[in-house]
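Open the structure in your viewer and keep the sequence panel beside it. The stops below are meant to be selected in order.

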Amino acid sequence: MSLKLYYHPLSSFCHKVLIALYENGVPFEPVLVDLSSEESSAAFKKIWPIGKFPVLRDEAKGLTIPESSVIIEYVDTHYPKGARLVPQEAEAAWRTRLEDRFYDLHVHMPMQKIITDRLRPSGQNDSFGVQEATQQILTAYRLIDAGIAGKQWAMGDDFSMADCAAAPALFYGSMAVPFGAHKNLAAYLERLKARPSYARVLKEAEPYFKYIPR
């Protein structure tokens with residue numbers, strides 16, 4: 001098999017890529033990385049010394065592709081199957097990339113800040129940083145709640161890379177900062193969770209959810 005995905009089932013950015021691969025039935029070999037294992041970590045860092053996943057390895061082309069958005073676009077371009085997750089038309093493409101970056105930067109990253117802070121030893125928490133991250137997410141929630149009104153998916157009728165980014169960002173985000181009265185946002189997440197590609201990702205991740213700090 002040409003494509004290998006180095007990942008962990010609990011990783012939110014890995015969820016994003018898995019959704020894309022499952023969405024269009026792209027064949028790949030999953031390689032689970034356990035960073036707590038010296039052997040697994042060392043083997044992964046031979047592939048990608050930065051040591052962050054997800055990472056896609058295309059053995060046929062001899063290429064290593066990091067970063068979730070780049071991986072999705074790479075597969076969309078070189079291994080197209082089914083509907084494209086990034087439209088070919090220029091206007092729709094840049095708008096999809098904008099939505100993708102919005103979820104990554106303004107929901108995903110501050111969510112990780114909050115969740116990671118819960119794992120810190122007592123007395124070493126960053127309360128100021130968590131407050132900043134919380135306000136950033138709340139601002140993003142307001143924008144998403146208004147923007148998704150009347151739409152099935154992030155870009156309208158078609159499922160796209162933006163939805164791949166939104167699903168894990170909002171799933172974990174709801175654990176970090178509740179949605180409150182944002183009903184459109186909550187309904188959108190339910191649609192994402194019901195999408196077969198993400199439902200499969202969540203099912204595979206279930207055994208690991210006990211490790212998420214609540």
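The model is predicted, with residues numbered from 1 along each chain as its sequence is written. Local features need pLDDT of at least 70 and side-chain atom pairs count only at pLDDT 80 or more, while totals for chains, interfaces and linings use all residues, and side-chain values use heavy atoms, without hydrogens and water.

**Strand β1.** Select residues 3-7, which form β1. Helices (H or I, at least four residues) and strands (E, at least two) are DSSP runs, numbered from the N terminus. Of the 5 residues in β1, 4 are buried (under 20% relative accessible area, 1.4 Å probe, protein chains only).

**Its partners.** K4 has E29 of β2 as its bridge partner.

**The cavity.** Which residues lie nearest the centre of the largest cavity? They are A20, V26, V75, D76 and L85, among 13 lining residues. A cavity is a set of points on a 1 Å grid over the protein atoms alone where a 1.4 Å probe fits but cannot get out; lining residues have an atom within 4 Å of a point. Now show α1 (12-23) and α3 (68-78), the elements that give two or more residues to this lining. The largest share, 4 residues, comes from α3.

Methods. On a 1 Å grid over the protein atoms alone, a cavity is a set of points where a 1.4 Å probe fits but cannot get out, and a pocket is an open set with protein on both sides within 12 Å along at least five of seven lines; lining residues have an atom within 4 Å of a point. Buried means under 20% relative accessible area, exposed over 50%, partly exposed in between (1.4 Å probe, protein chains only). Two strands pair if DSSP finds at least two bridges between them.
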